[in-house]
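Subject: Handing over the structure

Dear colleague,

Please find below the structure that I promised to pass on to you.

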Amino acid sequence: MASVGFAFFWAWFYLLMFGPGTAQHLGLEASMAVKLAFLIGMLAVMMLAYLKRNLFDRHSPDPIPLIALALTLPLGVLNLIASPGSAPVGFDIAVWALAGGGFSLIFLEWPKVFMVAWQKDVGAFLASGAVLGAIIYLFSCNLASPYGEAALLLLPICSLGTFAYLRAHIAGSGKMPEQPVEQTKLFPLTGFTVAVFGALFGFAIYHLSYNIESLEPALVALAIAIGGLVQMGCTTLIKRYIPFGIAEKLTLLFVAIGFLGLAFLDESFQTPCCLFLLGSYIYFDFANLAALVGFASGQPSPFWRIARGQLVLPLGMAISWAACLAIQGADAALFDFVPFVGLGLVLALAILAAFVPFKDNAFADKSFDNEIAEGGHFKQRCTKAAEEYGLSNRETEILSFLAKGRNAQFISEQLNISAYTAKTHVYHIYQKMGVNSQQELITIVDSTEVVFR
């Protein structure tokens with residue numbers, strides 16, 4: 001059910017970017033401008049969530065869904081009731097920017113549901129939402145007026161309604177851990193890489209939106225579905241989250257293939273290559289989000305962590321989109337060189353991937369004020385012991401419970417997992433650490449030395 005609710009949300013985004021209605025209502029040039037405003041609105045709210053994360057802590061009742069709905073409704077209402085070109089372009093830009101902010105809020109809300117079962121294949125859940133969203137998008141594109149326009153009003157409402165229902169019925173989703181919380185540091189190389197990926201995908205999405213009149217919605221849906229199915233296959237095959245660095249490397253290969261096609265093949269292949277890049281974007285973004293959802297597990301609010309990993313992606317997209325608009329307006333002939341620029345960026349990233357190892361997000365025992373937390377020595381000892389014995393992230397989390405003397409039943413209740421799953425993790429921890437009792441495990445953790453600098 002969560003995947004279906006997430007699908008409504010993504011279908012709304014696909015319909016905004018690749019639906020034929022926007023260009024028909026506003027004209028091609030104005031439609032490209034309002035889509036840029038949408039991306040900027042996305043980026044603005046992501047930045048707000050990142051810089052002012054205390055504003056987005058979990059509340060009861062949670063006001064964020066209502067705020068998101070208020071931001072998205074004007075776009076749906078305007079699209080439904082306004083005749084083509086009747087409103088000033090500036091008004092349309094403002095409405096689309098607000099909708100972009102609403103998009104980010106919905107995007108940041110959904111991990112609150114997915115966090116509850118993050119030990120399962122969240123990447124597969126998210127990707128299945130992308131596939132279902134592609135089907136809903138295709139269905140909406142083929143609806144006659146005014147029903148097609150009504151979809152832009154109903155889809156975010158359906159998504160938020162599903163979210164509200166799930167939040168009310170999922171056990172443990174309202175629990176708020178004690179502060180201090182663990183924080184995430186996005187390494188500069190990773191942030192730079194994601195921003196470049198955003199710029200590359202921004203060009204592909206711009207090309208598809210600019211040629212929307214000749215673009216078949218079925219092909220867009222197929223590209224989205226392929227990217228989602230690849231992600232589902234990977235998460236199902238390896239039975240764990242795809243690490244952020246591995247997702248980057250795999251996507252780098254796909255993007256290189258796409259831009260090779262754009263740079264050296266005939267113009268008739270440009271649209272298929274951009275569709276291929278769109279599928280790669282879906283794979284990359286859901287691999288990214290699956291990792292971030294996992295990292296946000298157990299936090300009072302996932303907003304800051306998800307925003308920190310995601311804001312650089314729309315940043316790159318917005319920059320490339322604005323550059324494409326400027327080139328198109330200045331001299332359309334220069335646009336032919338954009339694929340070569342993209343190919344150069346891909347090669348630069350390939351060199352980085354070859355010589356500089358990508359790093360996943362790291363955790364630190366610090367409070368919101370960036371101070372060493374009370375009890376931080378204990379957490380650091382657990383973390384260091386887990387690193388020495390090669391424990392996974394989930395096993396590290398369970399190790400901290402075992403080191404406090406907790407049993408498998410208590411762990412299963414706290415983490416919302418089955419007792420069998422908890423016992424399996426405990427067995428693997430004992431095997432890796434070479435211990436036969438919980439007391440031996442506690443002794444190892446107690447004897448682990450850490451130094452705060």
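I begin with asparagine 416, which counts as partly exposed because its relative accessibility is 31%; here buried means under 20% relative accessible area, exposed means over 50%, and partly exposed lies in between, with a 1.4 Å probe and protein chains only. Asparagine 416 sits in the loop between H18 and helix H19 (419–433), where helices (H or I, at least four residues) and strands (E, at least two) are DSSP runs, numbered from the N terminus. Its phi is near 55°, which is a positive value in a residue other than glycine.

Before going further, please keep in mind that this is a predicted model, in which local features need pLDDT of at least 70 and side-chain atom pairs count only at pLDDT 80 or more, while totals for chains, interfaces and linings use all residues. Residues are numbered from 1 along each chain as its sequence is written, and side-chain values use heavy atoms, with hydrogens and water left out.

As for the chain as a whole, it has 20 helices and 2 strands, and buried residues make up 53% of its 453 residues. Among contacts between residues at least 6 apart in sequence, 83% join residues at least 24 apart, where contact means heavy atoms within 4.5 Å.

In the loop between H17 and helix H18 (408–415) we find lysine 404, which is exposed, with a relative accessible area of 58%. Lysine 404 and valine 445 are 41 residues apart in sequence, and their C-alpha atoms are 10.0 Å apart in space. H17 is also followed by glycine 405, whose phi is positive, near 90°.

How does the span of helix H14 (residues 312–330) agree with what its 19 residues should give? At 1.5 Å a residue the helix should span 27 Å, and its end C-alpha atoms are 27 Å apart, which agrees; the expected span is 1.5 Å times one less than the number of residues. The buried residues of H14 include Val312, Leu313, Met317 and Trp321. Glycine 316 lies in this helix as well and counts as buried, because its relative accessibility is 4%. Although glycine 316 and alanine 199 are 117 residues apart in sequence, they are 4.2 Å apart in space, C-alpha to C-alpha. Leaving aside neighbours within four places in sequence, glycine 316 is in contact with Ala195, Gly198 and Ala199.

Serine 320 is another residue found in helix H14, and it is buried, with a relative accessible area of 10%. The side chain of serine 320 reaches the backbone oxygen of alanine 199 at 3.1 Å. Not counting residues up to four places away in sequence, serine 320 touches Gly198, Ala199, Gly202 and Phe203.

The largest nonpolar core has 105 residues, and those with the most contacts inside it are Phe38 and Trp110; a nonpolar core is a set of buried Ala, Val, Leu, Ile, Met, Phe, Trp, Tyr and Cys residues joined through side-chain atoms within 4.5 Å. A second, separate core of 23 residues includes Leu391, Ile417, Ile429 and Val445.

The structure also holds 33 aromatic pairs. Phenylalanine 103 and phenylalanine 107 form a stacked pair, because their ring centres are 6.3 Å apart and their planes are at 15°; rings of Phe, Tyr and Trp (its six-membered ring) pair if their centres lie within 6.5 Å, and planes under 30 degrees apart count as stacked, over 60 as edge-to-face and the rest as tilted. Both residues lie in helix H5 (residues 89–109), 4 residues apart, about one turn of the helix. Phenylalanine 103 is buried, with a relative accessible area of 2%, and phenylalanine 107 is buried with a value of 2%.

Finally, how many disulfides does the structure hold? It holds 0, a disulfide being a pair of cysteine sulfur atoms within 2.5 Å. The sulfur of cysteine 273, for example, is 7.1 Å from the closest cysteine sulfur, in cysteine 274, which is too far for a bond. Cysteine 273 counts as buried, because its relative accessibility is 10%, whereas cysteine 158 counts as partly exposed at 33%.

With best wishes

Terms used:
A polar contact is a pair of N or O atoms within 3.5 Å; within protein, one must be able to donate a hydrogen and the other to accept it, and residues adjacent in sequence count only if both atoms are side-chain atoms.
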